[in-house]
Amino acid sequence: MTENLVQVESAEHFKNLLSKDLDRVALLNFWTPWAEPCKTMNHVVAELAKRYPAALVLQIEAESLSDIAESFDIEAVPSFLILRGHTLLSRISGADAKSLTVAMEKHAASPPYKPQSQTSLPPAAPSNSIPPSGATESAETQEQLETRLIGLMNQSQVVLFMKGTPDAPRCGFSRKIVGVLNEQNVAFSHFDILTDESVRQGLKKLNDWPTFPQLIVKGAFVGGLDIVKEMVDNGELKEILA
């Protein structure tokens with residue numbers, strides 16, 4: 001491991017590392033040990049640390065250091081932020097080695113500069129959503145969105161709206177609820193809410209539930225991870241699936 005590649009141990013450790021040199025470019029790698037894409041990207045990050053020894057490269061385990069992840073609006077792993085001091089230079093979501101490499105070449109290989117388009121921290125939420133096929137967010141009316149949401153909720157008897165897919169979940173809560181459903185031998189379809197911001201925000205309002213994952217049974221909202229675990233323990237989940 002190179003000297004500029006550091007595993008962050010706490011929020012205080014993170015704050016101290018960033019405050020040492022506000023003109024230094026820093027690459028923040030938010031990762032988790034259970035996500036396969038993170039393992040691949042960790043190798044990419046290590047190579048970038050070697051390529052740009054003047055940059056500070058911080059490895060941040062997103063779930064154990066959730067306070068740091070939440071302060072930067074990290075909702076999926078892997079996610080990468082490139083900073084100079086308190087200025088956000090670039091945000092890359094997902095295992096996109098090419099975009100990360102290009103961004104580091106742009107910012108870490110050049111002298112400090114402050115273009116007007118830079119954004120002051122705290123950074124904005126990721127903007128990697130994909131508009132629904134055949135429509136953009138601005139073109140879809142609220143009534144059309146609700147019709148589409150109801151259709152998605154009724155695509156099978158059990159539908160899980162989650163971050164990522166069952167084979168590659170992109171948050172710990174999604175990973176855990178997939179495990180619970182598999183342990184109970186529950187057949188379910190899924191929808192990755194990270195691919196459609198309209199669905200993501202629409203379900204929060206429709207189901208009056210602010211977080212994901214969300215489990216739907218027979219077209220009706222059941223709950224998130226904690227509620228589903230409780231229903232498994234008291235036998236209620238088996239009853240509503242019968």
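1. Contact, as used in this note, means heavy atoms within 4.5 Å. The model is a predicted one, and the points below should be read with that in mind.

2. Ile-92 is found in strand S5, which spans residues 87-93, and, leaving aside neighbours within four places in sequence, Ile-92 is in contact with Ser-79, Phe-80, Ser-99, Leu-100 and Ala-103. Ala-103, one of these partners, is 11 residues from Ile-92 in sequence, with a C-alpha to C-alpha separation of 8.7 Å. Because its relative accessibility is 7%, and buried means under 20%, Ile-92 counts as buried.

3. The largest nonpolar core has 25 residues, and those with the most contacts inside it are Phe-14, Leu-28, Phe-30, Leu-58, Ile-60 and Phe-72. At least two residues of this core are supplied by each of helix H1 (11-19), strand S2 (25-31), strand S3 (56-61), helix H3 (66-71) and strand S4 (79-84), the largest share, four residues, coming from S2. Apart from this core lies another, of 18 residues, which includes Val-25, Met-41, Leu-48 and Met-104.

4. Leu-28, not counting residues up to four places away in sequence, touches Phe-14, Leu-58, Ile-60, Phe-72, Ser-79, Phe-80, Leu-81 and Leu-83.

5. The largest pocket has a volume of about 700 Å³, and of the 29 residues that line it, the closest to its centre are Ile-74, Lys-163, Cys-171, Phe-173 and Phe-212. The lining of the largest pocket draws at least three residues from each of domain 1 (5-108) and domain 2 (143-241), and by class it has 14 nonpolar, five polar and 10 charged residues.

Notes: Residues numbered from 1 in each chain as written. Predicted model: local features only at pLDDT ≥ 70, side-chain atom pairs only at ≥ 80, totals over all residues. Heavy atoms only, no water. Core = buried A, V, L, I, M, F, W, Y, C linked by side-chain atoms within 4.5 Å. Buried < 20%, exposed > 50% of the residue type's maximum accessible area, 1.4 Å probe, protein only. 1 Å grid on protein atoms, 1.4 Å probe; cavity = no way out; pocket = protein on both sides within 12 Å on 5 of 7 lines; lining within 4 Å. Points joined across faces, edges and corners; volume = space filled by probe spheres on them. Nonpolar A, V, L, I, M, F, W, Y, C, P; charged D, E, K, R; others polar. Domains from an automatic or database assignment.
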